[in-house]
Structure formats: structure tokens, C-alpha cells
Number of protein chains: 2
Amino acid sequence: MSDFQLSILGCGSATPSPRRNPSSQVISYRGRLMMIDCGEGAQATMRRLGLSFSRLSHVFISHMHGDHCLGLPGLLSTLSLHGKKSPLTVYLPAEGLEIMKSITDFFCREATYEINYVALEGAGGQILDLPSLTVEAFPLYHRVPAYGFVFREKPKPRHLRADMLDFFKVPVAMRPKLKEGADFVTEDGNVIANSRLTTSPDPSLSYAYCSDTMYDHRVAHAVKGVDVLYHEATYDDTLAETARQRGHSTARQAGMIAAEAGVKTLIIGHYSKRYYDTEILVLDAREAFPRVIASADGLQLDIALLSK
Amino acid sequence: MSDFQLSILGCGSATPSPRRNPSSQVISYRGRLMMIDCGEGAQATMRRLGLSFSRLSHVFISHMHGDHCLGLPGLLSTLSLHGKKSPLTVYLPAEGLEIMKSITDFFCREATYEINYVALEGAGGQILDLPSLTVEAFPLYHRVPAYGFVFREKPKPRHLRADMLDFFKVPVAMRPKLKEGADFVTEDGNVIANSRLTTSPDPSLSYAYCSDTMYDHRVAHAVKGVDVLYHEATYDDTLAETARQRGHSTARQAGMIAAEAGVKTLIIGHYSKRYYDTEILVLDAREAFPRVIASADGLQLDIALLSK
């Protein structure tokens, strides 16, 4: 398992299904947990999957429909019951700020940790800059203000070639600079090109989340070149008009966005409850894009594997 | 199965357990559904048990801790998605009225049905009067204002004795009065005592819900003589001091309330998550009261059977 994991806590749509929770996912990145959307039941599934509450640092809410955020008040309460100490930052569309603060004020009066809210507005942009990862928000096209998110690893250090470091007698103190790509200058003033001393870094991985949204080229543009794309696929192809009217996408449209954006793997989800199994949706999506995975509650995926 | 059923949707306490949802129950009474408390996950379990959303008419919230009411916003949204038309009445402690209305205003903007809120205050009393059933609220003793509820069937009609009606030639029009206990006066002015024409009615059943509360004799007084009592039993006997401090009861205390109130069956629940199985709690309760049932998520019980 790599440093970059995705756990699907819920992949159903608004009308509840006995088989699927509403939307929620957790990104595990180097020991840190970040949640995307928090439908009812997210905290219970998080526990079932053994994802530690104490490691949760950020929650990103795509939009203020209940099936994407009504698990948040309960989760915030629970974090206190678990004695969480480190702060939690919640990103959510500006229109949800007031109500979510009111709920928190009422139900988390005895919070053991700091809750920070960040309002998403306008065109989004980079909203988080961690040492090895950034998170960007970008607009989706739904019935209410909605945002997608891209989790993007920063460039990684180059790999040192031990044999060449020995040969050129590179001092230990120089090595961090070489990992960043610097050339090595010997005591005699000879320049040894970095490419002789190092090999390419591991690829920087990226994951994008798009739910809920209608089919729109601007979404493909926003997620251009990410490795793994989660895109909602609420309906099959015969319900394209319903999808458009409700601000949703069909599975084939999810495939078209994946193809246009040039991703490596497409994960579909946010299924209407009419689909007991998801085979028809996978088949529809595959007509536009070959590598499709159907999300399922409890499914855990390795972003590195899906990026190959 | 009788007309009066109880479905346990969740019997865990605030700290979530992967095995138990937080508090929620549904009373099925002659085709009507009434919910008591609505912790997160209640709506999902309701669906799993095949309890129809459209038949839900009343929700009774005992107190405004998240594990007893944070499933309500999602449930209210879902009822609209299911196209509910008939009104829903939500009873809740007065302090919760404003926040719950704010949440409803935000998340149920497109409600297809009328939501009425009734604030519980002071000593409670009868809060609902249906054709065959009443509901009373009474104070519990917890860290915030909290109410228990008694569901009490009204006296039922007496059974007519067909042989005696024939013998005394009782006109059909008189029969409803006889069922209510009236004597029959013949054309000659003779009075035939009701007891010769009818037999006793079926017993009127009653069910009381007490969660969350510390051990208090006033609770036993409020539920005096009910047939079936659900009483919280958060801790085992060794944690009596913790129970008192947190405004909760031990299982033995639940048994003591059942004994003092003279009920027929005690159902315990609201278990701390430290109890993987509930055997120790059942044994503790049985030291004070013999007939104890351990609630479990998804358990469905017949109040008539438990009242014998």
C-alpha cells in the first residue's frame, strides 16, 4: 500500500438506499486523514474501516445538500467524545457557513478541539498547502454552489545514485540539494550534472473528486491530467435528460470527462438507488473510457496502483 | 403480531460503536409509525427493517444531545425525496426548537409536507391524543432538559356475547353503547346489566421510554404500572458513580425502576460502547427485576406479548 489511499465511506445518492450510505470518502495521505463530503453514516463507516478519528485534519464539503454534509454535526460531536486535541478545518461553500456554525455552536458546546471553517467562494483555487500535497477547489455545475477538489502531490525528491556519489566523493551535506535537482561542483570547480548523480523521482500522484455535477467541459478542464478521477454517475444513459434537469451526470458522461481530461483511472459513484447493482453504469462509462472502477461502500483503493 | 410493535433502530450511547447506532426506536401502532429519538443512522435502519417512511406521523425527541436527534435533519429531507404528503409533528425540548427550525429551513427548503414542531416544557403532561392512544411526556433527570414518553392505549370496547344479544333481542343500533359498558333496557323497561351481555375488553397496553436519565424515584412514579418499560442502562454496576456523574443509570438501577414501577417487562439499552456483548448488563438488571430483555439494533418486539 502506498502513502496515498482512498476509502469510500458512502457512494449512494440523496434518496437513501439500504445498501449504500450517502456521499463520503476519506483520503489517507502519509498518516493524515482528510474527508471529502460527510453524508449521514460516514462516521460509523469510518470506524468500521478502522480509520482513526484522531488523525482527521480536514473535511472538504462539496455542496450543502444534506446527503453530502448531514453527517458532519455528528462527526464533530464524536471527535470530542474521543478527546480529539488537534484542530480540524472544514471547507464548505460560503452559503453553508452560518448554518454549520450554528449547529456546531449548539451540539459541540464542549468541543475538546478547535474547529475552523473556511468558506469556498467564486472560482476556488488552491485552498490547502501541506508539506507534500496541495488541495485545489474548482466549481462544479449543480443546482446549488458546488465544488470539486484536486489532491495533488508536490514534486518528490530525485533518487541519489550511491555509486556515483562515492565516485565523485559528494559530501553528505550536499545531498539534499542534489535531491532537489542541483548540479554538484567539485573542489576543482568541475560541474557534475545532476542527471549523472541521481535518477528520476517517483511520480507525483493526483486525485480529483467531482460530485455532484452535470456534464460540463469545464470540469474536464479543471481535472486535466490528474491520475485518478472520481466522477459522479447518478444515472445510466437512458436517463440523460433527467440527469441534466437534476444537475447530475450519466455514467457515460463521467467516462467522457475522464477521456477528455486524460486521466488514468475513473471511479464512478453517487448512484441513484434504482441501481441495485452497478454493472449497467460501468458498461455505459466504458463506452467512453476504458478503465472504470465502480465505487462501493467500504472499498479501499490505492491511488498509486490506479495511477499506473 | 399485535397492533402495537416496537422496533429498535439504535441502542448505543453517544460514543459511537461499529455495532450499534445511537438511540432511535419506532412504535408501530395500528399502521401508524411514531419515532422516539432519531440518532444518526435511524433512517437507514428504518429502511432496512421495511418500515414505511410514508406512515410516519410523529417524532418524539427526548433531549437535544446529538446521539438522540442528529438523524432528524436527514430523515426530514428524505421524507421529501419520498414525496411524503401528510404532516409530521416533531416534539422536542424547548431549547432545541430554534436550532432544529434553522436546520429544517436550510435543508428542507423543498419540503413536500408540513412539519410542525411542539416544544416540551416544564412537567410535560399529555402531548398527543389519538383515537385509541395517548402519549404523555414526563421529565427525566439528565445533564440537559430531557423527557420520557408513555404510550398508553385507551380503554378498548367490551366484547359482545352473541348468544345473550340474541336471547334478549338487543337491537343492532344498541351494540356500540353496550361495547362502551352501557346496560340494556328492554321495551318493558327491564334493565339487563352490561355484565350479562358482554365480556371484558382486551387489556389496554402501555409502553414507556426513559433515556437518558440518572436513577431517580420520580421516574418510577411517572411510569407506574406501564406494561413495558425501556430504561437506559449505560453502565454495569461497578460504574455506578460514573453513571451518576454523567446523568446516566446502571443496568441494576434500570431493574430497580422496573421493580418499583411494577412493570411486566424491562427492556434495557443505551449501552456504553465498552460493552461488546450485553450479558453483564442483563445479569445486573436481573438482580433487581426478573424479566429483562436486552435491546439490539434491528430487534422488533410485540408489546402485547411482553405485557403478559
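Is A:F107 buried or exposed? At 11% relative accessibility, A:F107 counts as buried, where buried means under 20% relative accessible area, exposed over 50%, and partly exposed in between, with a 1.4 Å probe and protein chains only.

This is a predicted model, in which local features need pLDDT of at least 70 and side-chain atom pairs count only at pLDDT 80 or more, while totals for chains, interfaces and linings use all residues. Residues are numbered from 1 along each chain as its sequence is written, chains are lettered from A and ligands numbered from 1 in the order in which they are written, and side-chain values use heavy atoms, with hydrogens and water left out.

Chain A has twelve helices and 18 strands; both are DSSP runs numbered from the N terminus, helices being H or I with at least four residues and strands E with at least two. The C-alpha trace of chain A spans about 70 × 50 × 35 Å along its principal axes. A compact globule of 308 residues would have a radius of gyration near 19 Å, and the 22 Å of chain A agrees with this. The radius is taken over C-alpha atoms, and the globule rule is 2.2 Å times the number of residues to the power 0.38.

Of the 308 residues in chain A, 56% are buried. Contact means heavy atoms within 4.5 Å; among contacts in chain A between residues at least 6 apart in sequence, 64% join residues at least 24 apart.

The next topic is the aromatic rings. A pair of aromatic rings is described by the distance of the centres and the angle of the planes. Rings of Phe, Tyr and Trp (its six-membered ring) pair if their centres lie within 6.5 Å; planes under 30 degrees apart count as stacked, over 60 as edge-to-face and the rest as tilted. Over all chains, the structure holds 16 aromatic pairs. One of them joins A:F60 and A:F149, which are tilted, with 5.4 Å centre to centre and 50° between the planes. This pair links distant parts of the chain, since A:F60 lies in strand β4 (residues 56–60) of chain A and A:F149 in strand β9 (residues 147–153) of chain A, 89 residues apart. A:F60 is buried, with a relative accessible area of 0%, and A:F149 is buried with a relative accessible area of 0%.

A:F107 also belongs to a pair: with A:F106 it is edge-to-face, 4.8 Å centre to centre and 65° between the planes. A:F106 counts as buried at 14% relative accessibility.
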